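Hi,

Here is the structure I promised to pass on. Have a look at it first, then read my notes on the charged pairs below.

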Amino acid sequence: MSSQPLLPNARNDLNPTPRRSLILTTILIPILLIGGIIFVSIKGDGIPKDDLGLAKYYLKGSPVIDGHIDLPEFARAFYGNNISAFDLNKPTAGHVDIPRIREGSLGAFFWSIFVECRDDNGKDFLNPTFQVRDTLEQIDVSYNLIEKYSDTFAFASTSDEVEIAIKEGKVASMFGLEGGHMLGNSLAVLRTFHKLGVRYMTLTHSCNNAFADSAGIFEGVEERWGGLSKFGRSLVAEMNRLGVIVDLSHVSDKTALQALAITRAPVMLSHSAARHFNNMTRNVPDNILAKIGRGKHQVDGVVMVNFFPSFASAHPEEVDVKYIADEVEYIVEKTGKHHVGIGSDYDGIESTPKGLEDVSKYPYLFAELIKRGWTEHELSLLAGGNFLRVFRGVEDVSRKLKKDGWKPSLEIYEKRKDLKPIEGGF
Ligand SMILES: [Zn+2]
């Protein structure tokens with residue numbers, strides 16, 4: 001809130017035509033006189049002066065790019081992927097619909113492609129499942145929704161496409177895979193998902209898989225590999241080659257540290273809270289935050305803050321906009337303003353912070369940060385600039401590795417028995 005009076009600026013800027021003067025006297029002056037205090041919401045140059053107005057103004061230029069929204073899972077869980085059974089132009093029971101997307105200046109997001117990981121997949125993860133089929137169904141429902149609401153959504157698989165979509169007023173729609181368990185132990189499946197548009201993958205979800213150990217949720221799960229398996233190391237290299245961002249949300253600390261040690265490309269944590277605020281294994285600890293950056297022995301990356309109150313705090317009822325702003329500032333304290341972003345987890349969480357109830361509310365977080373002195377440029381980094389830099393970095397590495405002659409990895413998970421050459425050949 002500014003104490004600067006509106007009237008002098010307004011007078012300077014308003015063209016003194018009779019009509020404008022009429023507006024000034026009939027609308028503006030009475031507003032100014034309410035309560036006898038002059039609250040200023042708009043300067044004469046059209047730039048709002050109150051924090052929320054200013055946040056909305058800035059977000060028009062640099063809209064939010066959210067690292068993790070479970071809209072496809074919402075479609076699956078509530079409607080069996082029947083997209084004719086709900087209308088995104090009307091209020092949904094979830095946290096996301098088109099009017100609220102527009103109100104919140106959401107300019108792009110990762111549609112989370114997710115199916116549950118299963119503990120009964122067997123010790124070596126070889127028990128048959130329908131996970132690959134179900135993953136394809138989640139990619140399909142995402143495409144169907146993007147097509148159905150093509151006035152709003154535009155599919156995007158490159159950083160350039162994200163920027164073009166935003167410039168055209170569309171909501172850039174990227175796909176992120178939430179867990180290596182969805183690959184059916186196969187790098188060929190990863191490559192195929194990449195062709196379908198997948199641009200990040202969390203190496204695990206909440207259970208271990210053939211590639212890596214998971215963080216579990218509140219407590220760790222029993223280690224299977226001590227971090228990455230040998231095949232998991234090959235997975236990271238193949239993701240680097242393809243240009244699929246290595247996402248360290250959900251993975252165990254050892255998995256994260258080992259992946260950071262071998263990745264050639266920047267990384268992301270698409271939806272993570274800080275363990276500093278709530279000591280649970282799913283949250284990112286300080287020693288991993290210390291590895292994110294552009295200094296020596298660091299990897300460029302973006303830590304996108306999860307809004308789920310039960311992750312943010314052991315007392316979820318206390319989580320509000322200010323609390324999430326504290327988390328954002330904590331990530332900044334540990335990594336710098338070039339390594340923070342937003343990964344709300346909307347439509348994938350049962351509760352939301354007070355004041356950040358759905359996608360229409362992002363501006364309230366930005367308003368809180370404006371109150372704390374964040375500049376327009378810094379806010380644009382948080383909104384999406386940092387993510388785009390990481391994405392571009394990943395694309396550059398992919399191009400370079402391919403130029404250097406890296407070919408698709410033909411490695412097969414060593415425990416598979418089904419994909420063996422005929423003995424002796426033909
Ligand atoms: Zn998740």
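**Salt bridges and where they sit**

Let's start with glutamate 163, which is partly exposed at 29% relative accessibility. Keep in mind that this is a predicted model.

Glutamate 163 has a partner: arginine 392 makes a salt bridge with it, and the closest N and O atoms are 3.1 Å apart. The two come from distant parts of the chain, 229 residues apart, with arginine 392 in helix α15 (residues 376-403) and glutamate 163 in helix α7 (residues 159-167). Arginine 392 is partly exposed too, with a relative accessible area of 31%.

Why would such side chains pair up at all? Opposite charges can pair when the charged atoms come close.

Next up is lysine 337, which forms a salt bridge with glutamate 378; here the closest N and O atoms are 3.1 Å apart. Lysine 337 sits in the loop between α13 (321-335) and β9 (340-342), while glutamate 378 is in helix α15, so this pair ties together parts that are 41 residues apart in sequence.

Aspartate 404 has 48% relative accessibility, so it is partly exposed: exposed would need over 50%.

Some salt bridges share partners, and these join Asp326, Glu329, Glu368, Lys371 and Arg372 into one network.

How many salt bridges does the structure hold? The total is 25.

Cheers

How values were computed. Residues are numbered from 1 along each chain as its sequence is written. This is a predicted model: local features need pLDDT of at least 70, side-chain atom pairs count only at pLDDT 80 or more; totals for chains, interfaces and linings use all residues. Side-chain values use heavy atoms; hydrogens and water are left out. A salt bridge is a side-chain nitrogen of Lys or Arg within 4 Å of a carboxyl oxygen of Asp or Glu. Helices (H or I, at least four residues) and strands (E, at least two) are DSSP runs, numbered from the N terminus. Buried means under 20% relative accessible area, exposed over 50%, partly exposed in between (1.4 Å probe, protein chains only).
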